[in-house]
Amino acid sequence: MKVLVTYYSKSGNTAAMAKVLSGALEQRGAEVVQKEAGQTTPEDLLSADAVAVGSPDYFSYVAGQVKTLFDEALSEKSKLSGKPGGCFSSHGGGARIKEPFEHLVEAVGLKLVAPCVLSHDAPAGKTVDELHSLAAALCDAAG
Ligand SMILES: Cc1cc2nc3c(=O)[nH]c(=O)nc-3n(C[C@H](O)[C@H](O)[C@H](O)COP(=O)(O)O)c2cc1C
């Protein structure tokens with residue numbers, strides 16, 4: 001099972017979340033493809049069995065690179081329909097990104113398998129557990 005973990009990170013916190021998530025996916029036997037959002041194409045989403053998208057909280061929304069990926073993926077909505085998806089975000093204390101991020105995942109046809117995982121700065125403690133839960137949900141849904 002191939003899982004795409006695509007994300008944008010400027011100061012490393014979201015990248016640290018991607019690393020924890022990818023490690024948890026690999027522990028469950030998944031083949032993980034990690035890509036920066038700006039280097040990710042809709043074809044990358046189509047070729048994966050499950051997709052996780054990460055972004056810092058920028059003004060209570062996703063970063064521009066991640067928004068562009070969703071903009072481009074919309075044209076493939078019918079083919080992405082029902083594919084297991086998840087999202088994760090690092091924030092500076094606001095964390096209002098959750099609902100808009102989850103909406104974007106579903107708007108391109110992905111099936112959200114777990115709530116968006118939120119981390120105040122770098123992941124630790126409960127957030128690490130939640131990333132492991134997201135990995136489990138993605139693997140279970142992708143079969
Ligand atoms: C342009 C910009 C906008 C931001 N807006 C928010 C915000 O609205 N709410 C919030 O909680 N944090 C906000 N932050 C803080 C980042 O989400 C936080 O530092 C995050 O951990 C950065 O992730 P990264 O290390 O992966 O780049 C903002 C940071 C930047 C640079």
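## Close-up views of a predicted model

View A. The structure is a predicted model, in which local features need pLDDT of at least 70 and side-chain atom pairs count only at pLDDT 80 or more, while totals for chains, interfaces and linings use all residues. Residues are numbered from 1 along each chain as its sequence is written. F59 belongs to the loop between β3 (50-56) and α3 (64-73); helices (H or I, at least four residues) and strands (E, at least two) are DSSP runs numbered from the N terminus. The phi of S60 is near 65°, a positive value in a residue other than glycine. S60 is partly exposed, since 14 other C-beta atoms lie within 10 Å.

**View B. The protein chain as a whole contains six helices and six strands.** Read from the N terminus, the order of elements is β-α-β-α-β-α-α-β-α-β-β-α. The C-alpha trace spans about 35 × 30 × 25 Å along its principal axes. A compact globule of 143 residues would have a radius of gyration near 15 Å, and the 13 Å of the protein chain agrees with this; the radius is taken over C-alpha atoms, and the globule rule is 2.2 Å times the number of residues to the power 0.38. Of the contacts with a separation of 6 or more, 79% join residues 24 or more positions apart, a contact being two residues whose C-beta atoms, placed from the backbone, lie within 7 Å. Buried residues make up 45% of the 143 residues.

**View C. The shell around the ligand holds 19 residues.** S9, T14, P56, G92 and G94 come nearest. Two or more residues each are given by α1 (13-27) and β4 (84-91), and α1 has the largest share with three. By type, the shell comprises five nonpolar, 11 polar and three charged residues. Here Ala, Val, Leu, Ile, Met, Phe, Trp, Tyr, Cys and Pro count as nonpolar, Asp, Glu, Lys and Arg as charged, and the others, Gly among them, as polar.

**View D. The largest nonpolar core is made up of 45 residues.** Such a core is a set of buried Ala, Val, Leu, Ile, Met, Phe, Trp, Tyr and Cys residues joined through C-beta atoms within 7 Å. V3, L21, A52, F88, L131, L134 and L138 touch the most other members. The elements that supply at least two residues each are β1 (2-7), α1, β3, α3, β4, α5 (98-107), β6 (117-120) and α6 (126-142). Of these, α1 gives the most, namely seven residues. Leaving out residues up to four places away in sequence, V3 touches L25, A30, V32, A48, D49, A50, A52 and L138. In soluble globular proteins, nonpolar side chains tend to be buried together.

**View E. The helices α3 and α5 are shown with their buried residues.** In α3, the buried residues are V66, L69, F70 and A73. They line one face of the helix, because they fall within an arc of 95° seen down its axis; the arc is that of the directions from the helix axis to the C-beta atoms. The buried residues of α3 pack against β1, α2 (42-47), β3, α4 (77-80) and α5. In α5, F101, L104 and V105 are buried. An arc of only 100° around the axis puts them on the same side of α5. The face turned away from that side carries the exposed residues E99, H103 and E106. The partners of the buried residues of α5 are β3, α3, β4 and β5. After α5 comes G109, with a positive phi near 105°.

**View F. V113 lies in the loop between β5 (111-112) and β6.** V113 is buried, because 20 other C-beta atoms lie within 10 Å. P84 is 29 residues away from V113 in sequence, yet the two are 6.2 Å apart in space, C-alpha to C-alpha. Apart from neighbours within four places in sequence, V113 is in contact with P84, G85, G86, A137, L138 and A141.

Notes. Near = placed C-beta within 6 Å. Buried ≥ 20, exposed ≤ 12 C-beta atoms within 10 Å, placed from the backbone.
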